[in-house]
Structures are given as structure tokens and as C-alpha cells.
Amino acid sequence: MDQQHYMEQQLRNMGLSEEAIAMYKQQLAPAASPADWPALYKNSVKQFNQLFSGDDADVTDVDEHPRVIYLNQHSRLDPMQQWAVACGADIAFVNRQCLNDLGTGVAKEQCREQLLEWWDIRDTAALQEKLGWLQESGHRIEYDIIWQAINAVSMKESKSFLKEHIATNELEEAVVMERLRNTRDALELFRERKLINESLQPDTLIWDFARIINLSRLGYDAGFISYEQSDEYIRACVPLIKRTYTSWKHLSVSYQFARCVWNGVEMGSFDILRNNMEYLLTTPESPWVRLPFNPGC
């Protein structure tokens with residue numbers, strides 16, 4: 001299979017419509033010929049991930065805005081529900097959404113535009129399908145395989161291990177190998193910045209579950225699911241999150257680490273997210289300050 005058809009098939013496997021695939025090809029290389037696709041594909045994995053992994057808005061755009069924590073003073077969520085919503089704060093804060101309510105504070109039409117642009121979601125069925133995928137497997141299954149490969153003795157052994165599991169699990173080799181390199185880069189950076197150590201290791205569960213939380217909220221505001229359905233999706237995330245993470249910092253570092261694995265290490269975005277984390281961990285009105293990270297909250 002040539003590179004053009006390889007990429008098109010990969011997009012179809014992710015459930016994208018032919019319209020979305022055509023849009024991606026146009027944005028990627030409006031004037032490219034099929035002969036240009038091999039080199040083009042090699043240089044576009046990061047762009048591909050950002051467009052179709054359901055990532056948040058371009059983080060580099062938010063550095064121009066002052067940091068503001070948006071809260072709904074009339075929120076009817078109890079502390080446990082607010083705690084669950086706060087688990088998605090890494091994304092919600094970047095997108096200037098409310099951090100203590102099920103509603104995002106964003107207008108219905110804007111929510112629909114974001115769901116379409118970031119996720120190719122245009123109706124209830126597409127939203128529920130994506131939420132189901134994030135609940136059952138998401139990206140964390142692929143990361144588990146990459147992490148096992150990382151622990152191999154050499155890069156050669158890592159690649160050999162990955163190729164075996166790629167074939168078994170019908171994964172795309174080029175993308176998985178790119179994420180293997182991203183993981184090694186992220187480990188080096190996060191260790192250098194002392195964000196992870198032997199007692200604080202990243203776990204990518206929150207990469208999937210934070211998106212469940214924020215997708216559910218956007219879906220409610222967009223009118224695709226009810227308040228009760230959104231609350232149910234969010235509540236279902238709580239037990240695993242509490243068993244996986246030891247603090248708000250552990251959760252946030254893990255989200256940032258996973259973002260680097262899937263989108264590559266980009267220092268501008270990395271610095272913004274790290275600074276956002278410090279702000280959320282220290283500002284009195286932040287839910288990460290008001291709500292303790294423990295099973296009794």
C-alpha cells in the first residue's frame with residue numbers, strides 16, 4: 001500500500017468521514033502530488049495527532065491571555081461531582097471553561113463547532129461512540145505496549161517488540177514508532193525538569209479520562225446528551241482515577257506527559273501547561289486547592 005492510501009485508510013479506521021479526510025489532506029498539503037506523500041507523511045505525524053486525537057485547542061494561543069479561573073457561583077454540583085469535573089482541568093483551563101460545574105460556560109453553537117473541529121463529532125451517536133472508545137481502550141492500551149517496549153534493553157529490541165505487538169493488535173507501525181520516540185523524549189524532558197522520579201511515575205489513564213470528562217461536558221452544552229447522561233459519564237471515571245493517582249500534581253503531570261507522547265514534545269506548549277499546573281495548584285480559588293485529592297473528598 002502506498003503512503004497516500006496508507007494514511008487515508010488510517011483515517012477511515014479512526015472513524016473519520018470522507019469529508020473529514022478530504023479536509024485533512026487539503027490542510028496538510030493543498031498542492032501536493034501523490035509522489036510527495038512519503039516525505040509529507042513523515043513530517044506530519046504531529047499535525048495528524050493534533051487534528052484527530054481529540055486534543056485541546058492550540059495551547060500556544062493561550063499564552064497571550066491572562067490566567068483566569070472561571071467558576072460558576074451557582075453551581076449545583078456537590079463536592080464529589082466538582083472533584084470529578086476538576087480532573088479535566090488541564091484541558092478546561094486551557095479552553096477557558098468553567099472548572100466547577102457540569103456546564104462549560106461556552107455557548108451551544110461554539111461547543112458544536114469545537115466537537116466537530118477537534119473530534120469530527122456532529123451528533124449524539126458520534127459522541128457516544130467516541131466516549132465508548134475512550135472508556136474501553138482509548139490511547140492507554142497502545143501506551144501500555146509502548147511502555148513495555150521502552151523497558152527493553154536497546155532501541156533494536158524495542159522496535160522488535162513493538163512490531164510483534166503492532167501486528168497482533170492491528171496498530172499502525174509508523175505512528176507507533178513515532179510515539180515510541182516521543183515517549184523517550186518525554187521521559188528525558190520530565191526527568192530533567194524533575195517532574196517525575198521513582199516515586200512519581202506518569203500514567204496515561206488521565207489522557208483518556210480527562211477527555212471523557214470534557215467531551216461529556218461539551219456534549220451536554222451542545223445538546224447531544226442530557227445533564228444526567230453527562231454526569232453519569234463523568235462519575236464513572238472517578239474510581240479508576242482515585243486508584244491511579246496520588247495527588248492533583250500526579251494527575252496533571254501524567255496528562256502533560258501523555259500529551260507529549262501523542263503530539264510530540266513542543267517546548268512552548270510544554271511550558272504553558274506546566275505553568276498552568278503550578279497556577280492551579282497554588283491559586284486559592286482553584287478546585288485543586290479547595291478540594292483535597294483523597295478518597296474521602
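This is a predicted model: local features need pLDDT of at least 70, side-chain atom pairs count only at pLDDT 80 or more; totals for chains, interfaces and linings use all residues.
1. Let's start with α12, which runs over residues 205–222 and so has 18 residues. From first C-alpha to last, α12 reaches 25 Å, close to the 26 Å expected at 1.5 Å a residue. As for cover, 17 of the 18 residues in α12 are buried, so the helix is mostly covered.

2. Look just past the end of α12 and you'll find G223, which takes a positive phi of about 85°.

3. Next, the pair α15 (residues 248–263) and α16 (residues 267–282). Their axes come within 11 Å and cross at roughly 165°. Angles over 145 degrees count as roughly antiparallel, which is why α15 gets that label relative to α16. The crossing of the two is right-handed.

4. Who makes that contact? On the α15 side, the residues are W248, K249, S252, V253, Q256 and R259. On the α16 side, they are S269, F270, L273, R274, M277 and L281. By type, the residues of this α15 and α16 contact split into six nonpolar, three polar and three charged.

5. Last stop is T283, in the loop between α16 and α17 (287–290). Is T283 buried or exposed? T283 counts as buried, because its relative accessibility is 9% and the cut-off for buried is under 20%. If you set aside neighbours within four places in sequence, T283 is in contact with I69 and V289.

Technical notes. Residues are numbered from 1 along each chain as its sequence is written. Side-chain values use heavy atoms; hydrogens and water are left out. Helices (H or I, at least four residues) and strands (E, at least two) are DSSP runs, numbered from the N terminus. The expected span of a helix is 1.5 Å times one less than its number of residues. Buried means under 20% relative accessible area, exposed over 50%, partly exposed in between (1.4 Å probe, protein chains only). Axes are lines fitted to C-alpha atoms, for helices over the stretch in contact, and angles run from 0 to 180 degrees between N-to-C directions. Angles under 35 degrees count as roughly parallel, over 145 as roughly antiparallel, 65 to 115 as roughly perpendicular and the rest as oblique. A crossing is left-handed if the near helix is turned anticlockwise from the far one by less than a right angle, and right-handed if clockwise. Contact means heavy atoms within 4.5 Å. Ala, Val, Leu, Ile, Met, Phe, Trp, Tyr, Cys and Pro count as nonpolar, Asp, Glu, Lys and Arg as charged, and the others, Gly among them, as polar.
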